[in-house]
Structures are given as structure tokens and as C-alpha cells.
Amino acid sequence: MSLRTSRPARAGQYLALLCYLVFLAFPFVWLISTAFKPARELGSLHPTWIPDSPTLENLRQAFDEQPLLRAAGNSLTVALSAALIAVVIATPMAYVMARQRSRLATAATGWVVVSQAFPFVLVIIPLFLMLKNLHLINSLLGLIMVYVVWSLPFALWMLVGYVRAVPAELEEAAAVDGAGRLRTLVSVTAPLLAPGIVATAMFAFITAWNEFFFALVLLKSPEKQTLPVILTHFLGAEGVADLGPLAAAAFLATIPSLVIFAIIQRRITGGMLAGAVKT
Amino acid sequence: MRTRSLTGAGTHTGTGARLVAAAAALGLLLTGCSGGDGESSDGRITLRFQSLAWQDESVQVNKELVKEWNAAHPDVRVEYVQGSWDSVHDQLLTSFEGGEAPDIIHDASDDLADFAYGGYLADLDGLLPDRLRRDIPERSWETAEFGDGVYGVPFLQEPRVLIANKKILEASDARIPTVEKPWTWAEFRSATKELTAGEGRKPAAGQAEYGVAWPLKDPVSATLNLSRSTGGQLFHRGADDKVTIRYTEADAEVPAVIHDQVNSDGSASGATLGMGGSDTLPGFFGGKYAMVPLGFSYRQQIIQQAPKGFEWTVLPAPAGADGATQGVSPQTLSVSEDTPHKKEAVAFIDFLLQPENMVRLAQGDWMLPTGTAALADPSLHTAKHGWGTGAALARELLPAPAQSVRGYPEWKDKVATPALQEYYSGAIDRAELEKRLVKDGNLVLARYQR
């Protein structure tokens with residue numbers, strides 16, 4: 001069967017892709033637009049994409065009212081650490097689960113899936129009590145531990161899929177060529193697995209970066225709070241919002257994850273190419 | 001210790017509660033118990049005060065007051081902790097369960113029932129100074145009384161008012177209502193017709209596209225609280241202390257006006273029924289709606305966002321057979337049952353709610369103080385920004401009807417919100433609304449009163 005598509009079909013595909021991108025980009029573009037609008041434009045019946053009188057006032061107010069940089073630093077520390085630790089723990093576990101076809105591995109996979117169904121509310125109280133007695137309430141370390149535990153099942157599940165996608169025959173061939181277990185893992189499996197590891201790390205990072213409830217409950221001191229918690233300080237009762245500064249702060253909050261995405265995306269592509277060509 | 005569900009006040013099921021209790025017990029078994037009492041080795045006490053103030057001015061006032069207290073009381077230090085209205089119930093519940101609750105807790109009275117019945121909050125009866133007890137009217141205390149105890153000090157409240165486009169209103173033939181002579185609900189309905197040009201029509205002088213925009217994303221509290229003016233009560237407590245729901249003519253009057261404005265008269269926009277208050281402001285500023293019923297504190301947003309030259313005024317909400325009264329759920333200050341320093345915590349609350357301080361807090365939040373002395377402050381009776389209208393209305397405020405009804409949050413979310421939304425949009429009639437509110441509602445409440 002030919003993989004070639006006709007021009008109209010291809011144009012249709014591009015159009016669909018464009019529509020999808022516009023749909024995805026709309027909230028972000030609107031957020032940026034709102035962040036630079038003066039208060040009076042926010043209340044306009046005919047809002048514009050580009051602010052008529054762009055202002056940095058919302059940014060100034062957001063920084064004046066809340067410790068955004070400190071909160072961003074906390075979020076970055078927590079999210080990067082959680083992503084790194086989750087990947088370091090999950091990768092060997094996933095390898096074993098994918099390669100060992102035993103009842104234990106099947107049961108472990110099942111447990112991982114079931115554990116995703118636990119609601120936050122069921123785990124938060126015992127977790128809170130345990131962390132309290134470990135003196136890890138109001139501690140970024142405690143929050144990192146929580147995020148690692150929370151993202152680990154899904155990270156594991158993702159990685160098992162990636163490991164299974166690496167043909168075992170390649171490892172067998174390496175063994176036939178005389179490579180030891182470790183050499184095979186480092187030289188053959190790891191490069192092919194790299195995109196999966198990076199994607200999993202991204203998942204863990206984004207999960208931790210955006211998480212609100214655990215951070216709200218576990219962190220007491222203002223100097224420890226993460227960005228999602230700080231952002232709610234622009235919200236009042238019954239959903240009333242200080243919209244300009246909230247949009248400005250939310251826009252700033254998206255920047256680190258965008259930068260990390262941009263860097264990592266290049267790494268994923270590189271990893272995929274590295275895995276595609278056997279040298 | 002009783003265990004509560006994290007999913008909302010009073011919404012736990014037996015199984016859910018048991019699961020959470022078991023999880024909590026397991027956590028305790030695994031980890032053992034420990035905890036501090038907020039007292040340092042030199043005998044100095046530190047109290048944690050979690051405030052939900054969020055507007056810049058309000059946060060500043062709270063921080064200033066804490067600073068003033070700390071300067072005057074070196075032995076009882078108060079630490080300001082910034083809380084958040086978002087998820088405050090779950091956050092507090094977790095802190096209570098974990099023995100890490102703040103000593104002094106800022107919340108809203110309609111969130112307290114579960115905590116009070118759950119034994120998490122200290123009964124303040126007997127601890128409160130006479131001055132504070134006398135200063136706040138009995139009707140406000142009722143919002144924080146559960147069973148025989150007092151579990152919070154109500155200190156800020158806000159009535160619902162009509163914010164009107166001044167130019168449109170003055171150019172119309174409608175009578176402009178005052179606090180002394182507010183519109184009746186019938187007058188309000190005819191005034192909104194008067195002010196309406198109709199959808200898509202170019203409004204004449206004294207008209208907007210719609211006379212009113214009802215932001216009813218959360219229709220239950222607005223409906224119940226405004227229905228107090230017509231004698232609406234909905235929840236009736238029997239001699240056996242059990243609450244049942246009855247939907248009387250008095251309960252039906254306000255919903256019928258809103259329903260007819262949207263579906264018969266075309267004087268209220270159907271599009272705003274799913275909106276929050278802030279969402280209606282652009283249309284209000286653009287002259288699309290002549291009036292918007294909003295909480296009193298929305299004035300701050302209007303001042304910030306209104307275009308230059310836009311003139312607006314604050315009108316009292318319409319009155320019914322019971323006058324201009326309406327229900328409110330004031331903001332409260334409570335003390336954690338676990339704190340060993342209840343007397344000191346109450347002393348701080350007493351300081352925070354001294355009349356002059358209560359005025360500062362009210363101004364910071366654009367709300368009204370509950371305290372009689374604070375409410376008499378001349379700065380709250382100026383015509384500017386409608387302060388005087390609100391202050392006059394404060395005399396008529398009563399506890400929200402569902403204040404102490406267990407199971408109310410579940411009834412509200414699962415029964416009343418969808419039923420009222422469908423009724424206001426014209427999808428169901430009054431009979432169906434009544435059936436759902438009463439029949440389905442009583443089934444929900446019965447589960448909490450076995």
C-alpha cells in the first residue's frame with residue numbers, strides 16, 4: 001500500500017493540524033494578552049487580541065503583591081528533583097517488569113494501574129501524618145518525596161511500554177557479540193530508551209510543577225510555597241479574581257516549563273534518531 | 001475523634017468516611033504521635049493565624065494588625081499565615097486530622113458546621129469578652145452557633161446589591177429605589193422591562209439591551225439568600241430537631257421573578273445565567289445590561305475596571321413581604337480545639353476586632369463589619385462608592401437559610417444547582433423544580449439525620 005497522499009488530502013491534514021494548533025494556542029495567547037492589558041481594558045465589552053495600551057502594571061503588581069521569584073525557585077527545585085528521582089527509580093524497575101514475564105511482574109503492573117485510581121483525598125491524611133512525624137511537613141524535601149511517590153506508578157507504566165518497544169533481540173545480539181549485561185544496557189538499550197526516559201521525566205516534571213493540593217496542605221510557611229499555591233492568592237471567595245496580576249503571574253509560571261520543553265524536545269528528537277540508526 | 005470527608009462539608013458517605021478514618025488510624029499507627037504546643041523554652045507563646053484575606057489592601061491591613069499585636073504582646077507572638085479560599089475546607093480538614101491546624105482560623109460561616117460538629121473547633125462560649133459578645137448582633141452570632149456552642153466570631157459580611165448604570169437609570173422612567181423605599185420584586189420586574197430595549201435592538205435613552213444580568217453560575221446561595229426578603233426559608237426544623245425541605249409560595253417568589261425575566265419578559269439575559277459576577281462586568285460597562293445584582297465587595301472590581309466616565313450607583317436589592325432583609329454567611333474567626341492557648345487566641349481575635357480595627361478590615365475587603373460600633377463609623381456611611389447604602393442594608397441581614405443544615409453542600413451540588421439552573425433557563429417548570437428540590441432534597445438530608 002502506498003504511503004503517498006494526494007495534495008488535497010495533505011492540505012486537509014495541514015488545515016486540521018493548524019486548527020488544532022490554534023485551538024491549543026488560544027488560551028495561552030489570551031493569557032499573554034490579558035497579562036499586558038490595563039485594568040480598564042479587562043472590563044471591555046469588545047476585547048482585543050493586542051492590548052490597545054499595553055502595560056507592565058500587572059507584572060509590577062504581581063511581583064509587588066506576591067513573592068513570585070521565590071515561589072518559582074521552589075517549584076523548580078521540587079519539580080526537577082521529583083522528575084529526576086522518579087526516573088532514576090522507575091527506569092530499572094520498568095526494565096525488570098518489561099523483561100521478566102512472571103506473575104509477579106503482571107501483578108506489579110496491575111497494582112500500578114490500580115494505584116492510579118486512588119483519589120488524592122484518600123492518601124493525603126495518612127501521608128500528612130507520616131510526613132509530620134518525619135518532620136517533613138513544611139519542607140520541600142517532604143513535598144519532593146510525595147511527588148516522586150505520586151508520579152512513580154505512571155512513570156513506571158510509561159517506561160515499561162518504552163522498554164517493551166526495544167527489541168530483546170538487539171540485547172541478545174549484543175550478548176552474542178560478547179557484550180556483558182551492563183555494557184548491553186548502557187550501549188544498546190539506554191540510547192534506544194532515552195526518548196522514553198526524557199518523556200517520562202517531562203511527565204513527572206509537569207505533574208509536580210502544576211500540582212496544587214499537596215503543596216497547599218503540606219507547605220505552611222510563605223517562603224516555602226510553590227507557584228500554584230501563590231497563584232491562588234490572587235483569587236477571592238466565590239471565584240472573584242484579581243485578573244490582571246493573576247494573568248501576569250500565570251504567564252510567568254508557564255515560562256520555565258516552556259523553556260524546559262523546548263530543551264527536552266530537542267533531546268527527544270536526538271534520542272529517537274540515535275535509536276533509529278544502529279551504528 | 002470523628003472523621004470527616006474531604007470532599008466537602010458533610011458529604012461523606014459511610015464507606016468513604018471509614019476509609020479515611022482507617023487511613024488516618026494506619027498513619028498514626030505507623031508513625032506514632034507527636035506535636036508541639038506552640039510554646040518555646042522561654043515560655044513565649046506563638047500562635048499561627050491563617051488569614052484568607054486576598055486583596056492587596058486587605059492583606060496589608062491584616063499584616064499591620066498582626067505587627068501591632070506583636071509589638072504590644074511580646075509574650076504571645078502571632079505568626080501570619082496566608083491561606084487561600086480555594087480548597088480551604090480540604091486544607092483545614094487535613095490540618096485538623098494531622099494535628100497541624102492553625103491556632104486562629106479565618107473562614108466563612110457556611111463552612112463551619114462540619115468542623116464544629118466534628119469537634120475540630122473550640123467552643124468560644126465563655127471565652128469571648130463581653131465587649132465583643134455585645135458588639136456583634138445576635139443575628140450574626142446565629143451564623144456561627146451550632147448546637148449549644150459558638151464556633152466562630154462573625155466579623156465581615158456583604159449583602160447582595162444592585163449595581164446600576166447611573167446614566168441609563170436616570171434617563172429611564174423607572175423610580176430610583178432607595179434604602180428607605182426599595183423596589184418590591186414586582187416593581188423590580190417592571191423596572192427591568194422598562195430598561196430593556198431587547199436583544200439586538202439599539203437601546204433608546206434610559207434603556208440597555210437587557211434591564212438586568214443575573215450572574216447565576218452558583219444559583220443556590222443567591223436564590224436562598226434573596227428569598228429571605230419574601231419570607232423564604234426552605235429548610236424547616238421540626239420538634240425532633242430534624243430538618244426537612246418545603247417549597248412554599250414565599251420560597252417560589254424570587255425564583256419566579258428571575259425565571260420570568262429571562263423566559264417571558266426578555267428583560268434578563270439568558271447568556272449570563274452560567275456566568276460568575278466578574279464575567280458580567282464587560283457587558284455592564286459596555287451598556288449591554290442596565291443592572292447587575294452582585295455582592296457588595298464587587299465595587300472594588302468596578303472601580304478598577306470601569307472605563308473612564310462610566311457612572312454607576314449602588315441600589316438596595318428588592319424587598320418582599322419581610323422587607324429588604326436577605327441572608328448572608330459572614331466571614332468568621334475561629335479557634336482550633338487542639339490549641340492549648342485558647343485564651344490567648346481569643347484575646348488576639350478581640351484585638352483584631354476592636355471597632356477601629358474592624359473598620360480597617362472592612363475597608364480593606366470592601367465589605368461591611370458585623371460589629372455595631374464599627375458599623376457606626378462615619379467612613380462607612382459616605383455616599384462615595386455606595387458605602388452608605390451597604391451600611392444601611394447591614395441592619396437587615398440575617399443568617400443564610402441553610403447555615404447549620406447538615407447535608408446542605410450535597411443537596412446544593414447534586415440537587416439544587418442543576419434544578420435551579422434548568423428552571424432559570426426555562427428547561428423545567430416550577431412543579432418539576434419543586435419536586436426535585438423537595439423530594440430529592442429530603443432524601444439527601446435524611447441520610448445525614450439518621
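This is a predicted model: local features need pLDDT of at least 70, side-chain atom pairs count only at pLDDT 80 or more; totals for chains, interfaces and linings use all residues.
Local features need pLDDT of at least 70 and side-chain atom pairs count only at pLDDT 80 or more, while totals for chains, interfaces and linings use all residues. Residues are numbered from 1 along each chain, chains are lettered from A, and side-chain values use heavy atoms, leaving out hydrogens and water.

**Exercise 1.** Work out what domain 1 of chain A brings to its contact with domain 2 of chain A.

*Solution.* Start with the bounds: domain 1 covers 1–55 and domain 2 covers 57–276, as set by an automatic or database domain assignment. Next, count the contact (heavy atoms within 4.5 Å): nine residues from domain 1 of chain A meet eleven from domain 2 of chain A. Then take the buried area (accessible area, 1.4 Å probe, that two parts lose on being put together, summed over both): about 810 Å², with 77% from carbon and sulfur atoms. On the domain 1 side, A:F28, A:L31 and A:A35 lose the most, together 48% of what that side buries.

**Exercise 2.** Find which residues and which helix stand out on the side of chain A that touches chain B.

*Solution.* First, the head count: 33 residues of chain A contact 46 of chain B. The buried area is about 3600 Å², and carbon and sulfur atoms give 63% of that. In chain A, the most area is lost by A:R40, A:I125 and A:K220, together 17% of what that side buries. Now the salt bridges (side-chain nitrogen of Lys or Arg within 4 Å of a carboxyl oxygen of Asp or Glu): the rule finds zero between chain A and chain B. Finally, the helix (a DSSP run of H or I, at least four residues): α6(A) gives the largest share, ten residues.

Key. Helices (H or I, at least four residues) and strands (E, at least two) are DSSP runs, numbered from the N terminus.
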